[in-house]
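Reader: I have a model open and a few things to ask about it. Can we go through them one at a time?
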2 protein chains.
Amino acid sequence: MAKSWSTPPREALRVRAGFDLAKADLAATPGWEHGETAAEKRLQKDGEHLSELQERLYADGRSDGTRSVLLVLQGMDTSGKGGIVRHVLGMVDPQGVQLRSFGVPTEKERSQHYLQRIREALPAPGRIGVFDRSHYEDVLVVRVNELVPQEVWEPRYDEINAFEREVVDAGTTLVKVALLVSPQEQKARLRERLERPDKYWKFNPGDIDERAKWPLYQEAYQAVLDRTSTEHAPWYAVPADNKWYAQLVVGRLLRGALEDLQLEWPAADFDIEAEKARLDAQTL
Amino acid sequence: MAKSWSTPPREALRVRAGFDLAKADLAATPGWEHGETAAEKRLQKDGEHLSELQERLYADGRSDGTRSVLLVLQGMDTSGKGGIVRHVLGMVDPQGVQLRSFGVPTEKERSQHYLQRIREALPAPGRIGVFDRSHYEDVLVVRVNELVPQEVWEPRYDEINAFEREVVDAGTTLVKVALLVSPQEQKARLRERLERPDKYWKFNPGDIDERAKWPLYQEAYQAVLDRTSTEHAPWYAVPADNKWYAQLVVGRLLRGALEDLQLEWPAADFDIEAEKARLDAQTL
């Protein structure tokens, strides 16, 4: 039997007023007291549920349902976003997953409102969308590097809250995950990329430059968590020095989001007995 | 130790001149003599290789590589295209898979050349693309239902060969798989969709109408296999009455296609020792 959470991550990690990033223990595993091996079994089990729930969601989308789920992943370089995609989303049918990575905006994207490329990437009904980085970059990297002046980024927190309200009202459950690594752990992970030839491709000298701005990023993340963890779209602050813990958490959060939809298999929109008779009547 | 093929599917199933669809035994498992349980273990093992090879391909794409792989899946309703996506592509990182289903063309698509939507969906460098149905619909459903006159669809075989030549020359390996179910097996699978409430959503009354045209579809498939199984982009005719066999085959074909690329991990495009020194010099 797979072991269970003492406190589900939904409660243990939800960002509420007064959350202080500077005080978070990023090597801790809040709510989970069974270590890594039991976590892998638990994730496997959650994956089986997730896989069935995803199929129901997909079926619902094919039958005029409007529901979808959107996982928003934010975190510093090496915080494990890619590993979450591989190991957690990898447990469900690729057909049901709509993945989008947001890098430096293209010229065309820069000429548009910053939320435009986000709107275009929202998951279709029936899908689990995943944003690897997101509109939050527009108040993170943009703020830290002063890519636009403060009077431009300052109103974005409220805009984002209003935008997310709209998205939620249209039928999408938002699951916002901030993957929090410590600077020590980030250093070790970057070092590994410099030591293993199969990891060189993941290394970018710019990562070291961004790393130098750590206190500014902390400030920007704190502002995001203070100002955009709303009732309709809360943030989960996930200690991510242990990759296995972060993956376990995301698996559980997604499973919870899908369970909450309480979807049934769509009813037949045809006459079942008549169709059986038509099929049986064929000589093939 | 996972069991092996007596004849690899690449040889056993490749469509050569004289292939006769009407004579194919669709419940057979050519080249595999170890049954279903051993097949599942073999697929698991191939999946591990595939997963590593896919990461190399992805890394190559991120480092200015031009290679990609495109799996083209064709088959009658219920032939198991969706199961291949779930169970075979589901073994690799979703980030590396670019999936596209081609349904009835939209109005906009109908106003364009039939290959236009195909061109737009070709996999980016570094990706494994999957077409669930494809440009071949333009000589299958279109031919069978006379959606355009013969003088329009007739030249398409040559056009498709030229188009695929272009795609291959640009660096994409094509893996074209025709999933062949028998009409008896299709009947059983459709019947299941009418009997299980968790399958109703997959049933479409139109499937029974298409099924009535079986001989015309056979003729159209035979023409595709006769005329578009080229040296640069051969077809594999996969008996698909056993879903596990078809999945095993596709796993092996994809693994082979990726192995043939003989990709190495990309070299560092930065000074490794200098970057290590920069990282170590940071006080964080």
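Reader: Which residues of helix α13 of chain B are buried?
Author: This is a predicted model. In α13(B), which spans residues 272–281, the buried residues are Glu275(B), Lys276(B) and Leu279(B).
Reader: How do they fall when seen down the axis of α13(B)?
Author: They fall within an arc of 105°, so they line one face of the helix. In general, an α-helix has 3.6 residues a turn, so residues three or four places apart point the same way.
Reader: And which exposed residues are on the face turned away?
Author: That face of α13(B) carries Glu273(B) and Ala281(B), both exposed.
Reader: What do the buried residues of α13(B) pack against?
Author: Two helices of chain A: α9 (183–195) and α10 (205–211).
Reader: What caps the N-terminal end of α13(B)?
Author: Asp271(B) does, with a side-chain oxygen 3.1 Å from the backbone nitrogen of Glu273(B).
Reader: On to the two chains. What rotation superposes chain A on chain B?
Author: A rotation of 180°, with 0.0 Å of shift along its axis and an RMSD of 0.0 Å. The two copies are thus related as by a two-fold rotation axis. Both copies use the same surface, and 100% of the contact residues of chain A recur in chain B.
Reader: Change of topic. Where is His135(B), and is it buried or exposed?
Author: His135(B) sits in the loop between β3 (128–132) and α6 (141–144) of chain B. It is buried, at a relative accessible area of 1%.
Reader: What is His135(B) in contact with, leaving aside neighbours within four places in sequence?
Author: Leu115(B), Ile118(B), Ile160(B), Phe163(B) and Glu164(B).

Key. Residues are numbered from 1 along each chain as its sequence is written. Chains are lettered from A and ligands numbered from 1 in the order in which they are written. This is a predicted model: local features need pLDDT of at least 70, side-chain atom pairs count only at pLDDT 80 or more; totals for chains, interfaces and linings use all residues. Side-chain values use heavy atoms; hydrogens and water are left out. Buried means under 20% relative accessible area, exposed over 50%, partly exposed in between (1.4 Å probe, protein chains only). Helices (H or I, at least four residues) and strands (E, at least two) are DSSP runs, numbered from the N terminus. The arc is that of the directions from the helix axis to the C-beta atoms. Contact means heavy atoms within 4.5 Å. A polar contact is a pair of N or O atoms within 3.5 Å; within protein, one must be able to donate a hydrogen and the other to accept it, and residues adjacent in sequence count only if both atoms are side-chain atoms. Copies are superposed by least squares on the C-alpha atoms of residues with pLDDT of at least 70 in both.
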